[in-house]
Amino acid sequence: MQFEVLATCHTTRARASRMKLAHGVTPLPTFMPVATQAAIKGLTPQQVEGLGVTLILNNTYHLNLRPGIKVLLEAGGAHKFQGWNHNLLTVCDSGGFQLVSLNKFTTITEEGALFSSPFTGEPTMLTPEESISIQHAIGADIIMQLDDVVSSLTVGPRVGDAMRRSIRWLDRCIAFHEKSGKSDIQNLFAIVQGGLDSVLRDECLNEMTKRHDQVAGYAIGGLSGGEEKDIFWRMIGQCTEKLPTDKPRYSMGIGFAEDLLVCVALGVDMADCVFPTRTARFGVALTFNGPLNLKLAKHAKDAKPIDSTCPCPTCSDGVSRATLHHIATHETVAAHAITLHNLAFQAQVMGQARDSIMGGTFPKYLRRFFADYFGNAGYPEWCVNALQSVGVDLLEGNPHAKVVKGDGVKWEYSDAA
């Protein structure tokens, strides 16, 4: 990995960077579409590439179950298996998603995570060493340590136990990775844990940054699991403030546009989430004026595209909101069309953030984005608080702006346009 910070924001902690991996260059900050089982639902690799995406995510746990490592090795690795010629990141369990969401199938011991397959019931022990071995076979450009993660809502001694076990597992991952001879071409990231406890987060940060020369980057895990957003951003901010500046930082499981930009302002470089693709399958299109619920009757006769300024094939080919309303959730082509648009939207959000950081106008971009995105609905209070912490006041010059208490509007179930 070659990682270079090209520009930093003069107000916030945001930075624009260049990350060169074995399969090309990925400009940062970036959003990574999730191809859990070596496919982004509804799209071909060529369609994803056509959106300008250069880094996607696969899931180690799922690929180990199906199609299995033997098949991937015979195919020449996951890049060739799925026809993806750009950079690839693999997670052992989506920052804990599998360990948390499939906890009835999982037992954690010091040896590793014992899974019972949700498909067959067959037990599989995933140790730190085995997780790295599987990722070596997959051939990902960035590989993640196996971590012990609990729900972000968990309290008590289990949180500290999981954090300290994650540190011990990191050491085992590092040792196996370095012995493999693959550390020059596959880049291992550590995952900072500690739940919502700032003391535990600091302990984890202190320990993992001691391994600075043995890891290529750092992820922030164990968040975005239902905790209050005002706590979420403080945990992100605590981590980015103390992580080294010369390596990339990855916030796991972040996908809402407002979350992405707050995280970028706090110093995050990379993020992933199933949100833009999953919400597309429910007929919701993401736009700079807030999401559109295309299932609503008000779109039935609307001849406009989702966004006339969007370069995605769905919008540039003139597919109307009325057409998408007619077929949304009924015909698979609607999910494909909206997925194309939503991933293009995510790429534009991060691309414009990147350009504004390079141009020295990132705070101005933030103010414009939030004003357009939330409109008369009001700014979520947590966004206002988070951005104020890094010197950006969304209310400045806007005396009539409204602030919504709590986490704000649940956009994925609403229609602002």
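The points below take up the domains, then the aromatic pairs, then the salt bridges.

1. The structure is a predicted model, and every remark here should be read with that in mind. The chain is divided into domain 1, covering 2-275, and domain 2, covering 280-416, and the C-alpha centres of domain 1 and domain 2 lie 26 Å apart. The contact takes 41 residues from domain 1 and 38 residues from domain 2.

2. Between them, domain 1 and domain 2 bury about 3400 Å², with 78% of that area on carbon and sulfur atoms. On the side of domain 1, the residues that lose the most area to domain 2 are Leu-51, Glu-258 and Leu-261, which together make up 20% of what that side buries. As for charged and polar pairing, the count between domain 1 and domain 2 is zero salt bridges, while four residue pairs in polar contact are found across the interface, both residues of each pair being at pLDDT 80 or more.

3. Which elements supply the side of domain 1 that touches domain 2? At least two residues each come from strand 1 (2-8), strand 2 (15-21), strand 3 (24-28), strand 4 (30-32), helix 9 (229-242) and helix 10 (257-266). Of these, helix 10 gives the largest share of that side, namely nine residues.

4. Turning to the aromatic residues, the count comes to eleven aromatic pairs. One of them joins Phe-288 and Phe-345 edge-to-face, with 4.9 Å centre to centre and 65° between the planes; the angle falls in this class because it is over 60 degrees. Phe-288 lies in the loop between strand 15 (284-285) and strand 16 (292-293), whereas Phe-345 belongs to helix 14 (residues 332-359), so the pair ties together parts that are 57 residues apart in sequence. Both Phe-288 and Phe-345 are buried.

5. Phe-362 and Tyr-365 form a tilted aromatic pair, at 6.4 Å centre to centre and 40° between the planes. Both residues lie in helix 15 (residues 362-374), three residues apart, which is about one turn of the helix, and both Phe-362 and Tyr-365 are buried. The two pairs belong to one aromatic cluster, formed by Phe-288, Phe-345, Phe-362, Tyr-365, Phe-369, Phe-370, Tyr-373 and Phe-374.

6. The structure holds 17 salt bridges, among them one between the side chains of Glu-110 and Arg-168, at 2.8 Å from N to O. This pair links distant parts of the chain, since Glu-110 sits in the loop between strand 7 (106-108) and strand 8 (113-116) and Arg-168 in helix 7 (residues 157-180), 58 residues apart. Glu-110 counts as partly exposed at 35% relative accessibility, and Arg-168 counts as partly exposed at 38%.

7. Asp-171 and Arg-211 also meet through their side chains in a salt bridge, at 2.8 Å from N to O. Asp-171 lies in helix 7 and Arg-211 in the loop between helix 8 (198-209) and strand 12 (217-220), so the pair ties together parts that are 40 residues apart in sequence. Asp-171 is partly exposed, with a relative accessible area of 32%, whereas Arg-211, at 12% relative accessibility, counts as buried.

8. A further salt bridge joins the side chains of Lys-210 and Glu-207, at 3.0 Å from N to O. Lys-210 counts as exposed at 60% relative accessibility, while Glu-207 is partly exposed at 23%. Elsewhere, salt bridges that share partners join Glu-110, Asp-148, Arg-158, Arg-165 and Arg-168 into one network.

Notes: Residues are numbered from 1 along each chain as its sequence is written. This is a predicted model: local features need pLDDT of at least 70, side-chain atom pairs count only at pLDDT 80 or more; totals for chains, interfaces and linings use all residues. Side-chain values use heavy atoms; hydrogens and water are left out. Rings of Phe, Tyr and Trp (its six-membered ring) pair if their centres lie within 6.5 Å; planes under 30 degrees apart count as stacked, over 60 as edge-to-face and the rest as tilted. Helices (H or I, at least four residues) and strands (E, at least two) are DSSP runs, numbered from the N terminus. Buried means under 20% relative accessible area, exposed over 50%, partly exposed in between (1.4 Å probe, protein chains only). Domain bounds come from an automatic or database domain assignment. Contact means heavy atoms within 4.5 Å. Buried area is the accessible area (1.4 Å probe) that two parts lose on being put together, summed over both. A salt bridge is a side-chain nitrogen of Lys or Arg within 4 Å of a carboxyl oxygen of Asp or Glu. A polar contact is a pair of N or O atoms within 3.5 Å; within protein, one must be able to donate a hydrogen and the other to accept it, and residues adjacent in sequence count only if both atoms are side-chain atoms.
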